[in-house]
Amino acid sequence: QGAPGNQRVSLPRHWQDLGYMIIYVTGRPDMQKHRVVAWLSQHNFPHGAVSFCDGLTHDPLRQKAAFLQSLRTEAEITIIAGYGSTKDVSVYSSVGLAPAHIYIVGRAVKKFHNQCQFLSEGYVAHLAQLEAAALAHSPKGPPRPVLGKGTYGCPAPVDFLRKQSQLLRSRGSSQAERDGAPSSVPPGLPRAKPRSVSLKLEGEE
């Protein structure tokens, strides 16, 4: 929230270019779907699935955690990296994401020192580190596309649905998996299952 738009856009685009699925998780109610999706599109964020809370809720963090847990257990998605505010640290921790892969933009807060990575220098410095690591370890051949780049909300072939109560149950493989394309995993990150995701949680305002 606070970084210039092009810097915020470049980070999820980097992950998408490596072949990862992007999922935007927000505590906003599903009645704001059109507004949020229009904002993402207007600011040129890469296409991805968007998860909203079911109606108005007093505990959006719990709903976010439940949605992410469903991704892991029901959809067999491996979460590779998560971005958000300090409020989101507990959400990511609750679904087993290691502190080394929880990224919080802003000034470091001592209370969370061992629970996440603070990106005190902002998105640009973090993106430069990711790009350098990807270049050093990039496999030959194109990255494995996991998500079609034409929509928000319901990408194919993995049929993500917009709300946590409608979580996907499909187990079909992607076209790239059938073609045997290689995957790309930045150094220090675990080798992912075929369907992997980089997340951005939107903090409540």
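Which residues is His14 in contact with, leaving aside its neighbours within four places in sequence? The legends below take up this question and further close-up views of the predicted model.

View A. His14 belongs to helix H1, which spans residues 5-17. Once neighbours within four places in sequence are set aside, its contacts are Leu127, Leu130, Glu131 and Ala134. With a relative accessibility of 9%, His14 counts as buried, because this value falls under the 20% limit for that class.

**View B. Strand S3 and its pairing with strand S4.** S3 pairs with strand S4 (residues 102-105) in the parallel sense, over 3 bridges. Tyr83 has Tyr103 of S4 as its bridge partner. Together with helix H4 (residues 89-94), S3 and S4 make a β-α-β unit that is right-handed.

**View C. The salt bridge between Asp88 and Lys64.** The model contains 2 salt bridges, one of which joins Asp88 to Lys64, with the closest N and O atoms 3.2 Å apart. Asp88 lies in the loop between S3 and H4, whereas Lys64 lies in helix H3 (residues 60-73); the pair therefore ties together parts that are 24 residues apart in sequence. Both Asp88 and Lys64 are buried.

**View D. The salt bridge between Asp59 and Arg62.** Asp59 forms a salt bridge with Arg62, and the closest N and O atoms of this pair are 3.4 Å apart. The accessibility classes of the two partners are as follows. Asp59 is partly exposed, at 34% relative accessibility. Arg62 has a relative accessible area of 61% and is exposed, because the value is over the 50% limit.

View E. Ala65 is located in helix H3 and, at 17% relative accessibility, counts as buried. Not counting residues up to four places away in sequence, Ala65 touches Val91, Ser94 and Val95. The C-alpha atom of Ala65 is separated by 9.1 Å from that of Asp88, a residue 23 places away along the chain. Asp88 is also the salt-bridge partner of Lys64, shown in View C.

Notes. Residues numbered from 1 in each chain as written. Predicted model: local features only at pLDDT ≥ 70, side-chain atom pairs only at ≥ 80, totals over all residues. Heavy atoms only, no water. Pairing = 2+ DSSP bridges. Helix = DSSP H or I, 4+ residues; strand = E, 2+ residues; numbered from the N terminus. Right-handed = clockwise from strand over helix to strand, strands pointing away. Salt bridge = Lys/Arg side-chain N within 4 Å of Asp/Glu carboxyl O. Buried < 20%, exposed > 50% of the residue type's maximum accessible area, 1.4 Å probe, protein only. Contact = heavy atoms within 4.5 Å.
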